[in-house]
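Let's take a friendly walk through this two-chain model together. Keep the structure open beside you as you read.

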Amino acid sequence: MKAGANGSRVAAGKGVSFSKSPVLAVRLPDWRSRVVLFVLFAAFAALAGRALWVQVVDNQFLQKKGASRYMRTEELAATRGKIFDRNGMVLASSLPVKSVSAFTEDIKDAPPEKLRELARLLEMPEADLRKKLNSNRSYVYLKRQVEMDVVAKIEKLDIDGIDTRKEYKRFYPQGEVMAHMVGFTNVEDVGQEAMELAQQKALAGQPGSRRVIKDRLGRIVEDVGMQREPHDGKDLHLSVDSKLQYIAFNSVKDAVEKFHAKAGAAVVIDVHTGEVLALANWPTYDPNNRAHLTGEQLRNRVITDTFEPGSTLKPFTVALALDKGLIKPTTLFDTGTRPYMTGGHPIRDTHPHGVIDVSTIIQKSSNIGTTKISELLTAQEMWQMFTKVGFGQAPRYGFPGAAAGRVRPYKSWPIVAKANMSFGQGISMSLLQLAHAWLIFARDGDIIPLSFQKVTEKPVGQQIISPKTAAQMRTMVESVVGPGGTASQAQIPGYRAGGKTGTAQKVIDGRYSQTHYVGNFAGMVPMSNPRFLIAVMIDDASGPVHTGGGVAAPTFALLAANALRAANVPPDSTVTDIIIPEHPLEESN
Amino acid sequence: MTGKLNVVLTALLVACALSVVNSRYQRNHLVNDLEKLASQQRQLDIDWTQLQLDQSTLGKNERIEQIARTELNMAPLSPARTQYLTEGGQ
């Protein structure tokens with residue numbers, strides 16, 4: 001070590017600098033520089049190759065990355081179709097609203113006075129709002145379907161972590177009056193009830209999207225193309241008439257209150273087109289505010305509830321016998337003064353009628369009379385009649401939840417069944433089915449399909465009874481609505497009306513109840529050229545009257561009188577003073 | 001000769017390039033106007049829907065009846081006090 005240290009000092013002493021010392025001069029082999037050159041060249045070549053690869057050969061990835069810097073996918077919303085009544089009045093329509101939600105992490109530091117203001121704008125207690133914000137989830141909905149002016153105020157508050165998203169809200173301007181006809185949609189704008197549900201496919205829109213190029217200010221400068229074409233939902237034109245619906249609704253509502261009934265329903269059908277002009281239920285609900293909805297309110301008693309109609313069915317048996325030429329309106333039957341035994345069961349009339357003709361059997365609603373007429377017919381013939389007019393058949397109204405009712409196959413009918421069914425027991429149907437079947441009397445013996453949508457073409461009917469029989473039946477049912485008939489309260493000042501009452505004992509726990517009744521009435525106005533077919537049902541009236549003649553007939557009269565006036569139908573009768581007997585005749589069951 | 005042609009062609013090329021730039025700029029403006037009009041149309045559609053709803057709400061039979069009865073003191077007519085005029089009638 002020491003010698004080495006001296007040596008270097010010696011070398012310096014010789015006047016040769018360290019860096020120039022020839023001892024240190026290194027002789028490099030030539031190939032080394034070439035290798036370095038080659039490696040550098042290869043590295044550059046690799047870079048060029050890679051650049052060529054990603055930009056020319058496999059350029060998708062970078063293209064996509066580039067496009068994402070300036071291209072945007074824009075959602076194109078589709079609106080749900082509007083629902084109109086037959087006169088073009090809007091019954092349901094969607095408007096854009098926004099949902100208000102929050103990223104719980106970001107909103108934690110929001111000033112409390114702003115949150116208080118937010119709670120006020122969302123119309124919820126501050127405690128509820130805080131509970132939502134303290135949830136474990138990172139994203140919570142605070143309120144759905146907030147209207148735009150409120151959203152604008154919320155956005156003005158400028159709270160971090162508040163998010164708003166566009167959605168639609170359905171509005172029902174006619175409210176509870178139309179509820180059972182139109183139905184409603186849920187928060188996702190999907191139909192839940194009635195026509196909103198039945199026509200969901202046609203009403204629902206198909207949202208689309210398109211690619212656009214935006215400039216730095218967010219303005220669209222180029223429309224690159226459509227990804228998915230948006231389709232707005234189709235508008236729906238219903239057969240219902242707002243005015244008639246309002247009249248029907250009010251008549252039912254008033255009747256339920258007046259007769260202390262559990263429920264009521266009415267339906268008005270256009271005799272010429274088969275269009276359902278009004279369909280009213282009470283109790284009902286407001287489709288705009290469904291916070292406390294019960295099944296009772298939702299039930300559409302016209303369509304989904306079946307009942308045994310009672311005497312309202314008598315005209316069908318009589319019409320069948322008339323049509324087969326077995327009887328004439330003047331044929332006499334002895335209804336006796338005591339119960340009539342058939343198949344071991346007594347058939348009773350409320351009043352003894354003695355010997356009366358067929359017209360009077362209908363007018364006075366004699367059970368014994370129709371039983372005797374039914375004895376002229378076979379079970380098969382009666383079954384065919386009931387089936388042809390739609391009883392027991394799954395209805396095709398295009399309305400969700402339509403009940404089929406029940407008609408037993410004629411082979412299993414006991415002997416008493418013919419008698420029972422002739423006056424409407426042991427057979428069930430919905431009010432709409434009953435009204436539909438009654439079309440054969442209001443029209444010239446044919447039945448046409450019912451429609452909940454506006455009808456533009458003349459419907460094709462199926463002949464059930466001859467026009468002559470239908471005319472005879474019209475004369476008979478007109479006599480029912482007269483001072484001597486069971487439906488004297490169905491008289492309408494200025495118009496001729498016709499119809500038939502029915503009082504059915506409700507079946508409770510498999511037995512006919514003696515205290516719970518369904519009073520119903522089916523009728524047509526004006527008799528000179530029937531235009532409206534109206535069926536009314538009053539369920540479980542607990543006042544002093546409960547029969548069809550007592551509760552349903554006056555409801556019919558009120559409804560029909562207002563409907564005729566609203567529809568500008570000229571009066572066909574000069575009788576404007578209504579005579580209602582002090583003790584109106586009641587039908588037998 | 002070739003030199004002149006080149007000058008002319010270069011000038012043409014530059015002019016074309018500038019006109020492309022110009023037409024793109026104009027297109028962007030037009031597209032932007034179109035978008036504005038489209039959104040205006042959407043807003044008008046919404047307004048139309050809102051007005052239809054208002055019409056239906058304000059034209060509700062219930063409201064009309066209430067106003068007719070309470071504010072205007074009107075009563076429904078009855079056939080007993082109605083004179084019907086028929087063309088060609090007595």
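This is a predicted model: local features need pLDDT of at least 70, side-chain atom pairs count only at pLDDT 80 or more; totals for chains, interfaces and linings use all residues.

Residues are numbered from 1 along each chain as its sequence is written, while chains are lettered from A and ligands numbered from 1 in the order in which they are written.

**The two chains**

Chain A contains 20 helices and 21 strands. Helices (H or I, at least four residues) and strands (E, at least two) are DSSP runs, numbered from the N terminus. Chain B, for its part, has two helices and zero strands. Its radius of gyration is 35 Å, well over the 12 Å that the globule rule gives for 90 residues, so chain B is more spread out than a compact globule.

The table puts the two chains side by side.

| Chain | Residues | C-alpha extent along the principal axes | Buried |
|---|---|---|---|
| Chain A | 589 residues | about 165 × 55 × 50 Å | 42% |
| Chain B | 90 residues | roughly 110 × 40 × 15 Å | 1% |

A residue is buried if 20 or more other C-beta atoms lie within 10 Å of its own, exposed if 12 or fewer, and partly exposed in between, with C-beta atoms placed from the backbone. Within chain A, 71% of the contacts with a separation of 6 or more are between residues 24 or more positions apart. Two residues are in contact if their C-beta atoms, placed from the backbone, lie within 7 Å.

**Where the chains touch**

How many residues of chain B are in contact with chain A? There are 19 of them, and they meet 22 residues of chain A. On the chain B side, the elements giving two or more residues are helix H1 (2–58) and helix H2 (61–71). H1(B) gives the most, with eleven residues. By type, this side of chain B divides into six nonpolar, ten polar and three charged residues. Here Ala, Val, Leu, Ile, Met, Phe, Trp, Tyr, Cys and Pro count as nonpolar, Asp, Glu, Lys and Arg as charged, and the others, Gly among them, as polar.

**A three-stranded sheet in chain A**

One open sheet has three strands in the order S1-S6-S7 (chain A), with antiparallel pairing. Two strands pair if DSSP finds at least two bridges between them. The edges are strand S1 (71–76) and strand S7 (220–228) of chain A, each pairing on one side only. From one strand to the next, the twist averages 30 degrees. Axes are lines fitted to C-alpha atoms, for helices over the stretch in contact, and angles run from 0 to 180 degrees between N-to-C directions.

S1(A) and S6(A) are joined by six bridges, and Arg72(A) has Val212(A) in S6(A) as its bridge partner. Strand S6 (residues 208–214) of chain A also pairs with S7(A) over six bridges, in the antiparallel sense. Across that pair, Arg211(A) stands opposite Gly225(A), and Ser209(A) stands opposite Arg228(A). The hairpin of S6(A) and S7(A) has five residues between the strands, and in it Gly218(A) takes a positive phi near 85 degrees.

Another open sheet of chain A has five strands, ordered S10-S9-S21-S20-S19, with antiparallel pairing. Its edge strands are S10 (276–282) and S19 (498–508) of chain A, and its twist averages 10 degrees from one strand to the next. Eight bridges link strand S20 (residues 511–525) to strand S21 (residues 532–539) of chain A, with Val518(A) opposite Asp539(A) in S21(A).

Helix H11 (residues 242–258) of chain A lies across S9, S10 and S21 of chain A, at about 30 degrees to S10(A).

After H20(A) comes Asn568(A), with a positive phi near 55 degrees.

Definitions and conventions:
The radius of gyration is taken over C-alpha atoms; the globule rule is 2.2 Å times the number of residues to the power 0.38.
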